[in-house]
Each structure stands twice: as C-alpha cells, then as structure tokens.
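Here's a quick tour of a model, written for someone who likes to check things on screen. Have a look first, then read on.

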Amino acid sequence: MHAPHPGDNWPRLGLGLGLRHVHVEHILKHWPAVDWFEVISENFMFSAGRPRQVLRQVAERYPLVMHGVSMSIGSSDPLDFRYLQALKALADEIQPKWISDHLCWTGIQGKHTHDLLPLPLTDETLQHVAERIRIVQAVLERPLVLENPSSYLSYTQSSWTEPAFLAELVVQTGCRLLFDVNNCYVSCYNAGQDPQDYLKALPHEAIVQLHLAGHQHCGSHIIDTHDRPVAAAVWQLFQQVWRRSPAAAILLEWDGNIPDFDTCLAELHKAKGFMQGQQVNHWAAADVGRVDAAEAVSTPVDFMVAPLMAEARQMAMTEQERQDA
Amino acid sequence: MRDGRADVAPLALAQLQQFMQSALLQQAEGPDHGLIERYIAATGLLDPAQHLAIYQRAYFARLLQCMQGQFKALAHALGSELFRDFACEYLRAHPSCSPTLAHLGAGFADYLQQNRPDAHAAQPEAWIDFMVDLADFEWTLYSLFDAPGAEEQGYATLAQQDHPALRLQPCLALRQYRFPVGAYYQQVADGHDPVFPLAQQVYLALVRTHYRLGIFSLQPAQYALLSRLAQADGTLAQALAATADQLGEAIHSLAPIWLRGWLQAGFLVLGHD
Ligand SMILES: [Fe+2]
C-alpha cells in the first residue's frame, strides 16, 4: 500500500525559522527576509480563530512546512484518523512543502502526554511503525518526513540503533528524514554513545530537512531545551552533516525564552558561515564549560499556548460607558 | 494492510508503553523498581530510575507551564505554589486526551469546583468561589480565541436592526460571576497586583469580533434578554416577548437602545432564515 510519491523533486528551501506566536506581529508588519517558516501543525489544525487567519497570510508570502508533535506514529493505540484528516485538511489549505512528525509515541489509551517518548527499537516496532507510516502516507497523499527525537533513556529491549532503524523505515516506506542535529547530540550523550557512530549509519540521502536548537548541559545528562543559542559541538556536527546533505532545508527551533525575531534570525544565519566551511570556534562559544545545576524544561511546549492576556480588553459598549470610563 | 489488522500493536510494545505512561502520569504509586530495571538500560552516568526521572520531572513541568499560560490571572491570584498544587492535581486526575494543548485546561474550573478545599467546612469560603469563577472566565476567553467566529460571514449592521434574522454571533459567551473577574483579569493584564476583590454579582459578554477579544459588562436585564436569544433559535422579538414578564414593560423602550450598542460591538449576525 504505497502512497503516490511526488518523486524526488524536493525543493531546496534554504534557511528557515519556526513560526511563533510572539513573532507574529513583527512578521505581519515587516515581512522579514527569511527563506521559509516551519509551523506546528497542532497550533492551527484545531483553530478557527486568528492563528489560522494569520497562517493564511503567511502562506501567501513564504514557503511553509508543517511540523507535528501529536501523530504518535509509534503508539500501540490505533491511529487517530480524525487527527489525520484534520492534518490533511490543513495541508490542503496551506500547501506545505512537506509534513513532518517524530519517531516516537506520545500516549496510549486515548491520552496525550505531549512529550515525544522514545520507542523500543525492535523488529516488531519496526514493522508496526512502517505499517503505520504507509497508512499515514496514503491519507496525506505524500511521503511522511520523520524526525529523530531527543531521548533521555534507552530500552533494554532495543536491538537496532536509531540511525539504522530510520534507514530501514526509509527503505520500507519511502518516508524521508528530518535530521535534528541537536537531538542527535543530546540523545547520544544521554545514551553514552558517540555521535560519529550515529552519523556513519545515517542515510544522508534521505534527509530533506535539518533542525538546529540549543540545549542545556546538566553534567550527568543533556536536556533539549530549545531556549538558547546552538552549542558549538552541535554546530560542528551540523557542518559535517551539511557536507553530505547539501540540499536539506535548515531550520532553527527556539521555543523557550524566545528572543526577538532578529535575534533568532541572526542565530539561524550563523549557519551560513559554517556551511561555507568556517571553523567552529569552541573557545569563543557561549556554552563552553557551562553546566547548569537547575534543570530547565525539556522540549518546552508552552510556546504553543497563545499569549492571550495582552489581547482581551474590557470594552465599553455605549458612548455613555465610554465617557464614564 | 496485511490481514486487515495492520494497526494492531505488538504486545511487548503495548506493555512497555503501559509501563512508561503510568510512570509519567503517576495515577497509581510509582512504578515497581524491578520493572524499571527490566525496561530501561543503565548508562555510565545514570541508573535506569534516574533516566526515567528526567521524563517524569519534565512531564509535569511542561504541562504546568501551559496551564500557567492559559490561567495567568488565576496563577497570579493564587501565587505560583498554590497554583502548581491545584494544576498538578488536576493533571493527575484528568490527563490530556487531546492532540492539541489548546484543550488542556478545559476541565480545570469544574475540577476546582468539585474538589473545593472547603467541601467539609460549615461555610463555603469566598476565595474559592472567586478562584472557580476566575478559572471559568479565563477558560471561556481562551476557548473563544480558537472558536469558529463570524469574521468571514461579517457582522450585522445598524441598518439591519429590524431584520427578523438577527441572531447572536457564534463567538460570544454570556457569563455571570460572583466576583468582578473581568476587572481583576484586566488589572493583572495591565501589570498590576490587584487585591482580592469583594463579592459582587457581575454579568459579562465575552465576544470575539474581527479576531479581537472583548469583555463587556452587562446589566442583569441585558444578560437575561441575550441569554434568551442565545438559548432558543428564535427572533429578537420573540426573546423580548419571552422576557418582558420578568423584566417589565420598560424593556420595550430600552431594547432598541441596547440593540444599537450590540450591533456596533459585533454581537449579532444575520441568521439563515
Ligand atoms: Fe527538532
């Protein structure tokens, strides 16, 4: 059961940013020069309000990619077809270049943890996930793009490495990969593995997009916080991956303590230098030797909650009330 | 789809996910140590329970941040510790069942009402009424943000004030509260630290027009008339007739004045009939 794949004409999108509530006003006012935006699908799928109206305007000006966090492709629950239909409806409306989600599960028994939980990488899981990717691709009528999550544990059952597992899914289903460079670094550190071994098994030719983000080093483990600049070690890994996947679209995720739009853009554009071979200067990097005692929130999601408070106002209905006020 | 049962999960996967999810949601007591060691690998830096604990800590911290975003005024009123206690109890009792975080706080006001700390006290405590009302107020506003509205269809105009098809627009909620929660909310939004308000019955219309949310104070009679219009799919004239007994004959002279205000504020649309 293979979905009709639109061939291998994956567009080269260049350098993009995640579309965030706090930047919307700036974007609608200035239409800043950024190659493309990635949008969190769930922020818009279920909205009939301003988010969807804003998205339609942004879609007129920039290429978009839809990035989801709730598909739960590895769950032992049945696939949620209402979710998939809503995803497809949004895609029909805004015509994204592709649709991505994560190699993970997010909940069972109808519940959602809103976390990207790791899967046991076994033969059985592989068949289960592959079958579901085929179904999803048939509904969405396009290949799914799958991202490696950041993980903080590995299971005793796992018999596959993550990159080999991803490579096999690509072979079996024709899906493509969103390789999150930071997640690779974080997961490898937390599992006591070498990112270089990960890269060796990674099917670079299947990568259509790269993610970059900041993390928090806690000494005994690293947390994927998306709340600060990209670490030097991650830039270095990025430089390596880029050489082998030079058509991949690049995206910076900044989801916690989100600075102004131009600061995000400046961080993203650091990638340009590294793409041209500029050396990553470890000793000048802000993160060197920094170990935080207090753990920040991993994969923060509160940026998805609309900052509504500044928006709702007490209003006067009549002229009399206006004068009284 | 092999044998039509492609989406049936392997048993081992289902069991592992059952273990992980209950470890996160902590509905029962924490997971058995033997199970943790069976499922999760140790590394040079952390033992299996420490690896799991990273997920357990993050689960509540992450959703708590979202609840704080959805109930900013309530979080302000309660202070961060008390808000965290209530929110975590709520999340434990009602884990999210929606793929979107936009529904996370949907049952919070009801939960607070049903689990009032003064349930066994002789007298209900005023601050708890205030807390329940403020939670309902914030959630109602929050829901209107994403709800279907009349932006595309357009709002009824003053020229249509006698039109028999005038109806309330879909993105409008009528609420009555025991405290002036709208004023409290506004003060928090403006960066103030308002004092706990005195009890006062208030009637509000929460409305989204042109993608902007507005909080309108209503008089009791206005609230009664609008509620009637919201309930039945009848005309404004029918709503007036139905409420005239209760509101008195003066309603007939007041209603046209009110109606102009409501039309200007975007409360009304033209229905289909
Ligand atoms: Fe990512």
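What follows goes through the metal site, the strands around it, a helix, some loop residues and a record-based span.

## Ground rules

This is a predicted model, in which local features need pLDDT of at least 70, side-chain atom pairs count only at pLDDT 80 or more, and totals for chains, interfaces and linings use all residues. Residues are numbered from 1 along each chain as its sequence is written, chains are lettered from A and ligands numbered from 1 in written order, and side-chain values use heavy atoms, with hydrogens and water left out.

## The iron site

Which residues hold the iron ion? Glu147(A) (OE), Asp180(A) (OD), His211(A) (ND1) and Glu253(A) (OE) coordinate the iron ion at 2.0 to 2.4 Å. Donors here are N, O and S atoms within 2.8 Å of the metal (3.2 Å for Na, K and Ca), and with water not among the atoms, sites may look incomplete. Along the sequence, the donor residues follow the spacing E-x32-D-x30-H-x41-E.

The angles among the 4 donor atoms run from 85 to 172°, and the site is classed as irregular.

Helices (H or I, at least four residues) and strands (E, at least two) are DSSP runs, numbered from the N terminus. Both Glu147(A) and Glu253(A) are buried, where buried means under 20% relative accessible area, exposed over 50%, and partly exposed in between (1.4 Å probe, protein chains only).

E1(A), helix H1 (residues 24-30) of chain A and E2(A) form a right-handed β-α-β unit. Right-handed means that, with the strands pointing away from the viewer, the path from the first strand over the helix to the second runs clockwise.

## Helix H3

Helix H3 (residues 50-61) of chain A has 12 residues and should span 16 Å at 1.5 Å a residue; its end C-alpha atoms are 17 Å apart, which agrees. The expected span is 1.5 Å times one less than the number of residues. Its buried residues are Arg50(A), Pro51(A), Arg52(A), Val54(A), Leu55(A) and Val58(A).

## Loop residues

His114(A) has a phi near 55°, a positive value in a residue other than glycine. It lies in the loop between strand E4 (99-102) and helix H5 (123-140) of chain A, and counts as buried at 11% relative accessibility. His226(A) also has phi near 55°; this residue is in the loop between strand E9 (222-223) and helix H9 (232-244) of chain A, buried at 5%.

Is Gln276(A) buried or exposed? Gln276(A) is exposed, with a relative accessible area of 72%.

## A span from the record

An unreviewed UniProt entry lists residues 170-250 of chain B as "domain: NGO1945-like C-terminal". UniProt positions use the numbering here, feature names are shortened, and annotations may be inferred rather than shown by experiment. The span is 41% helix and 26% strand, with its end C-alpha atoms 28 Å apart.

Definitions and conventions: Four donors count as tetrahedral if all angles lie between 85 and 135 degrees; four count as square planar and six as octahedral if opposite donors are over 155 degrees apart and all others between 65 and 115; anything else is irregular.
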